[in-house]
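Please look over the structure first; the points after it are grouped by topic.

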Amino acid sequence: MNKEIQKIGVIGAGIMGTGIAQIAIQSQHEVYLFDVQPGAAKQAQAKLQDTFNKLVAKQKITEQQMGEALNNLHIAEEIEALQHCDLIIEAIVEKLEIKQSLMKQLEAIVDESTILASNTSSLSITAIAAECKHPERVAGYHFFNPVPLMKVVEVIQGLRTRPEICNQLVALAQKMGHCPVRTKDTPGFIINHAGRAYGTEALKILSENVTSFSEIDQILKASLGFKMGPFELLDLTGLDVSHPVMESVYNQYYQEPRYRPNVLTQQLLTGKKLGRKTSEGFYRYMDQQKLDPVLSPKYSPIRHQVKRVWLSTEFQSDFTQLSQYLSERLILINHESKPSKNDLILIANYGEDATHAAQRLDVNPEQIVCIDMLGNFDRCRTLMPTLITQRKYIEAALDIFTQAECKAYVIQESLGFVAQRVLAMIVNLACDIAQQNIASVDDINAAVKLGLGYPHGPIEWGDAAGREKILLILERMTAISHDPRYRPSPWLQRRTKLNLSLNTPA
Ligand SMILES: NC(=O)c1ccc[n+]([C@@H]2O[C@H](COP(=O)([O-])OP(=O)(O)OC[C@H]3O[C@@H](n4cnc5c(N)ncnc54)[C@H](O)[C@@H]3O)[C@@H](O)[C@H]2O)c1
């Protein structure tokens, strides 16, 4: 039987080490905090005192709880003071050789039962443990910043890590009030791996000049319920951090096209437009406030331009929703098999642009406006004409779909609008993480919700949005673009074709 973890050593008293120490001492564990920099651990102690004072003032904790927590914290002047710890978590500088030599140094100090864990966010646990005598007691324990608020921790099993070690780390995380998710030691683990789809696909859309970065942000927030748009997020994280992460995951997976980074962020990085920290990235900032670019709209909604709509949908639910919406607005629908000369041809399609829709349906491209029905129809409508759609049809469609609380956007041609292709990529990537057996479906869903703040877990989101739709988007995008980036994961294909939930385990 493994003994319970009671004494925890934390090495590195920076942002992460201090956060980890906080949740450990608050959950009645004794913590020994060490940093090579003289005075750094003491400074962290003062910071924690400050944090607790604020929590007491806000009545989040009592004075007694503060006292007990602080009594659990010991400042280690020498690394040897960590000798009797059951677990040591390192949160030092992100350099492989330094982490490797620390692990070796620790092995000479502690006995064989001590678990050694790394809070690395990008290095391989297998590599960190490679120089150790007992790599089987080394695991990853990846917390997120700020640790007390980000309630998820990835428990990473290196190639040689004993599974029981991970079980102990899982149990400890639960005691500390965190949600542990188990993952194999692969580039980006779960969260930084699953998070590749949102930013890279948004960048791809921008690089295809489909619409502006600020409209992509607006569409994704309104349509899919993200708290932040991808460009707001890139600016917040800083391109000096996010671009290298994109490149690192891409290269570690041997240039897998699903993770392909984009020259746009490389250029901003070169031009030192790093985001909020330099007051300019995609957006500009004044006094830390984002300045939204003012765009003059190309089209305005104009009433009574067309008398009738001819509707083409690929799913019955879209037909029901759109025909009801049009009827409520007293707009006539032409139910004939082919549109007439003056009808607005409204197409609710998936994974194709308006030109391919015109070809597929053999209808006049001058009358076409496509609409994205995948996201939240009550909050956002995205319209896509062909290159030669007559203005009167675009302005009529804008009039039909603009409402007081709901903006309609006209974008340039795109395989899969904006929301469709971003959501399809998120679901597909998560399905592929499940297919690779990196983590369980439940852990992937929980990790992404808690770690990235998405409104749904990515695999359960596929079911909710409609797995047939997600598969169709990816199949069409692959067929038309010939870009292997969009090829559907076998996980998604098999479950969709067998009409099983995407949560169905292998
Ligand atoms: N900052 C984040 O958002 C974040 C999130 C998840 C994981 N991480 C990972 O956590 C680790 C620490 O990150 P951070 O942001 O807290 O860094 P930080 O720079 O705030 O703190 C690192 C601390 O480690 C100390 N240190 C460096 N080398 C040491 C050594 N050999 N022995 C003892 N102490 C040493 C430094 O003096 C410093 O106080 C890194 O591996 C990082 O990748 C960071």
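An oxygen atom of the ligand is 2.8 Å from a polar backbone atom of Met16, a polar contact, meaning a pair of N or O atoms within 3.5 Å; within protein, one atom must be able to donate a hydrogen and the other to accept it, and residues adjacent in sequence count only if both atoms are side-chain atoms. This is a predicted model, in which local features need pLDDT of at least 70 and side-chain atom pairs count only at pLDDT 80 or more, while totals for chains, interfaces and linings use all residues. Residues are numbered from 1 along each chain as its sequence is written, and side-chain values use heavy atoms, with hydrogens and water left out.

**Ligand surroundings**

- Met16, Asp35, Glu94, Lys99 and Asn119 come nearest among the 21 residues around the ligand, where a residue is near a molecule or strand if one of its heavy atoms lies within 4 Å of it.
- Ile92 has a backbone N or O atom 3.2 Å from an oxygen atom of the ligand.
- Ser121 has a polar side-chain atom 3.1 Å from an oxygen atom of the ligand.

**Chain as a whole**

- The protein chain holds 20 helices and 16 strands; helices (H or I, at least four residues) and strands (E, at least two) are DSSP runs, numbered from the N terminus.
- Of the 506 residues in the protein chain, 55% are buried; buried means under 20% relative accessible area, exposed over 50%, and partly exposed in between, with a 1.4 Å probe and protein chains only.
- Along the principal axes, the C-alpha atoms of the protein chain fill a box of roughly 85 × 50 × 45 Å.
- Among contacts in the protein chain with a separation of 6 or more, 70% are between residues 24 or more positions apart; a contact means heavy atoms within 4.5 Å.

**Annotated domains**

- In an unreviewed entry, UniProt lists residues 7-186 as "domain: 3-hydroxyacyl-CoA dehydrogenase NAD binding"; UniProt positions are given in the numbering used here, feature names are shortened, and annotations may be inferred rather than shown by experiment.
- Residues 7-186 are 38% helix and 22% strand, with end C-alpha atoms 29 Å apart.
- UniProt, again in an unreviewed entry, places "domain: 3-hydroxyacyl-CoA dehydrogenase C-terminal" at residues 188-285 and 416-498.
- The stretch 188-285 is 59% helix and 2% strand, and its end C-alpha atoms are 30 Å apart.
- The stretch 416-498 is 72% helix and 0% strand, and its end C-alpha atoms are 24 Å apart.

**Strand S6**

- All 6 of the 6 residues of strand S6 (residues 138-143) are buried.
- On one side of S6 lie Val138, Gly140 and His142, and on the other Ala139, Tyr141 and Phe143; both faces are covered.
- Strand S5 (residues 115-118) runs parallel to S6 and is joined to it by 3 bridges; two strands pair if DSSP finds at least two bridges between them.
- Leu116 is the residue opposite Val138 in S6.
- Strand S7 (residues 152-157) pairs with S6 in the antiparallel sense over 4 bridges, and Gly140 stands opposite Ile156 in S7.

**Helix H9**

- Helix H9 (residues 213-224) has 12 residues and reaches 16 Å from its first C-alpha to its last, close to the 16 Å expected; the expected span is 1.5 Å times one less than the number of residues.
- In H9, 10 of the 12 residues are buried, including Phe213, Ile216, Ile219, Leu220 and Leu224.
- Helix H8 (196-207), helix H10 (230-237), strand S15 (380-385), strand S16 (407-410), helix H16 (419-435) and helix H18 (458-465) are the elements that the buried residues of H9 pack against.

- Glu4 is found in the segment before strand S1 (7-11) and counts as exposed because its relative accessibility is 55%.
- Apart from neighbours within four places in sequence, Glu4 is in contact with Asp86 and Lys175.
- The side chains of Glu4 and Lys175 are joined by a polar contact of 2.3 Å.
- The C-alpha atoms of Glu4 and Ile345 are separated by 67 Å, with the two residues 341 apart along the chain.
- Glu395 has its place in helix H15 (residues 391-401) and counts as buried because its relative accessibility is 5%.
- Not counting residues up to four places away in sequence, Glu395 touches Tyr299, Ser300, Pro301, Ile302 and Gln305.
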